[in-house]
Amino acid sequence: MARVVMTNMSPAMSSSPPLSPTSSSLSPQPSVVPLPTAIPVRTIPGSYGWPLLGPMSDRLDYFWFQGPEKFFKKRIEKYKSTVFRANVPPSFPLFRNVNPNVVVVLDCESFSHLFDMEIVEKRNVLVGDFMPSVKYTGNIRVCAYLDTSEPQHAQVKNFAMDTLKRSSKVWENEVISNLDTMWDTIESNLAKDGKASVFFPLQKFLFNFLSKSIIGADPAASPQVAESGYAMLDRWLALQILPTFNIGILQPLEEIFLHSWAYPFALVSGDYKKLHQFVEKEGREVVERAKAEFGLTHEEAIHNLLFILGFNAFGGFSVFLPTLLSNVLGNDAAGLQERLRKEVREKGGPRLGFEAVKEMELVKSVVYETLRLSPPVPLQYARARKDFQLKSHDSVFNVKKGELLCGYQKLVMRDPKVFDEPESFKSDRFVQNSELLNYLFWSNGPQTGLPTESNKQCAGKDYVILTACLFVAYMFRRYDSVSGSSSSITAVEKAK
Ligand code: HEM
């Protein structure tokens, strides 16, 4: 027999945004506490299957027969629940110490438990129970792998947020001047070949502006880093996450060669050493401040800076900006470019910068909508710190201390109980209803939340939004229209 609990006693409500049933009913919270509604306690559906066979079968579905999105969707249908048990890779045979068993959470309500640091911990679960070797980060567990209960977390997070705050002006200027270079390169390639690839100019743009803003280091000071620093980061990043990442190349080759074992750091140790030297020498001012003001050791400062630069910032933007470009260029049926151009020119002021883009409601909404439909970090994990009751929209489940929760944001952000027409790209969705920002979770927390030393929300959250807005606004100051896709530009019409 089902037991009942009161919805307003759900642990998620203590630190997560309140959730309403549909976007049309998302309204400011009532001042009177609503009467508790009874919802049933259910056993978490699904099973982990036979030892070895269950994880293997789920792994093949996840990477090969279904792909991640279908993998999770099919199981929602099968169990008639957005919360269920499943195995997520990597797993058997060569990941013996990795436990693939997870409790999957796939609606806004259940996903928001991942942000409640009273009930979950985030030690070593950045990409699940599997953790890439600490050799990739100088034998140091960097910020993203630390739980809030570990004192170093506050030290490094505060250092990261302080660095961002101090570099705000440099950041803004570097974005603009490196966008000049990026679009100059694209234009000249376009003139030569009639088509210009976006990938390399974009990667160089990111590496240059991020090095200067985060580390205070000019890549030009080291010819080798200037030439191929971005490629060094790409290789270092790829080797860490390959066992968890679905590429979609010819199977079973991907399964055999990319998902069967963890790649050794030795393959990129030479690259990493060069990047370490670059940060140590060219970024010494920031490194010294980390030591003097935040109590980090010399090595902790360098490896954390490299991780923030390479994994968090460069990795995140490398996934996000091409999708943003694709949405801006590919959704023009309703005259999106024209509307963006109008707003950017009206509100851009004499100098494009953070203050100007904050006023651009449509630009911001396009950025938010891209993050909703294509969250750059689709999977998030957290481990139950204690036994607790996890609530979805319609049920409550008992979770045991130590169980690993896994949220797949691509589906969570299409929760039909929160977002109208959840599958559609609606450019002004967030202009129409800014309350929805309470349910935009790309940064491992609501868009209305604040990253602090006590939570695990992305330290660069606001800089990501402002940078993406600058990226869009710059395009429509420079051009009347742009044609192409996320990978190549086929025509530009200069601003008249
Ligand atoms: C599009 C770009 C970015 C995306 C999509 C992104 C996303 C995320 C996500 C999802 C997390 C939480 C991971 C987890 O614990 O599950 C995170 C954490 C973090 N991000 Fe970002 N991020 C981006 C850019 C940046 C930038 C520019 C910075 C700083 C310069 C930054 C610094 C951090 C740090 C330090 C953490 C760890 C927070 C903590 O341990 O409390 N990120 N990011």
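Some housekeeping comes before the tour. This is a predicted model, where local features need pLDDT of at least 70, side-chain atom pairs count only at pLDDT 80 or more, and totals for chains, interfaces and linings use all residues. Residues are numbered from 1 along each chain as its sequence is written.

Now to the ligand. It has 26 residues around it, and the closest are A313, G316, N444, C458 and G460; a residue counts here if its C-beta atom, placed from the backbone, lies within 6 Å of the molecule. Elements giving two or more residues to this shell are α4 (151-166), α11 (298-330) and α17. Helices and strands here are DSSP runs numbered from the N terminus (helices are H or I with at least four residues, strands are E with at least two). The largest share, six residues, comes from α11. Sorted by class, the shell has 17 nonpolar, six polar and three charged residues. In that sorting, Ala, Val, Leu, Ile, Met, Phe, Trp, Tyr, Cys and Pro are nonpolar, Asp, Glu, Lys and Arg are charged, and the others, Gly among them, are polar.

An unreviewed UniProt entry annotates C458 as "binding site"; UniProt positions follow the numbering used here, feature names are shortened, and annotations may be inferred rather than shown by experiment. You'll find C458 in the loop between α16 (429-432) and α17 (461-478). C458 counts as buried because it has 21 C-beta neighbours inside 10 Å. The cut-offs are 20 or more other C-beta atoms within 10 Å for buried, 12 or fewer for exposed, and anything in between for partly exposed, with C-beta atoms placed from the backbone. Setting aside neighbours within four places in sequence, C458 is in contact with S443, N444 and P451, contact being C-beta atoms, placed from the backbone, within 7 Å.

On to the sheet. Five strands make an open, mixed sheet in the order β3-β4-β10-β7-β5, where two strands pair if DSSP finds at least two bridges between them. At the edges sit β3 (83-87) and β5 (120-121), each pairing on one side only. Helix α2 (residues 67-79) packs on this sheet, touching β3, β4 (101-105) and β10, and its direction makes about 130° with that of β3. That angle is taken between N-to-C directions on a scale from 0 to 180 degrees, using lines fitted to C-alpha atoms, for helices over the stretch in contact.

What happens around β10? On one side, β7 (residues 379-384) pairs with β10 (residues 404-408) in the antiparallel sense over five bridges, with Y381 opposite C406 and A382 opposite L405. On the other pairing, β4 and β10 run parallel and are joined by three bridges; V104 stands opposite C406 there. Five of the five residues of β10 are buried, so the strand is largely enclosed by the rest of the structure. L404, C406 and Y408 point one way, while L405 and G407 point the other. In a regular strand, side chains alternate between the two faces of the sheet.

Last stop: E254, in helix α8 (residues 253-258). E254 counts as partly exposed because it has 18 C-beta neighbours inside 10 Å. F63 is 191 residues away from E254 in sequence, yet their C-alpha atoms are 8.6 Å apart.

Technical notes. Contact = placed C-beta atoms within 7 Å.
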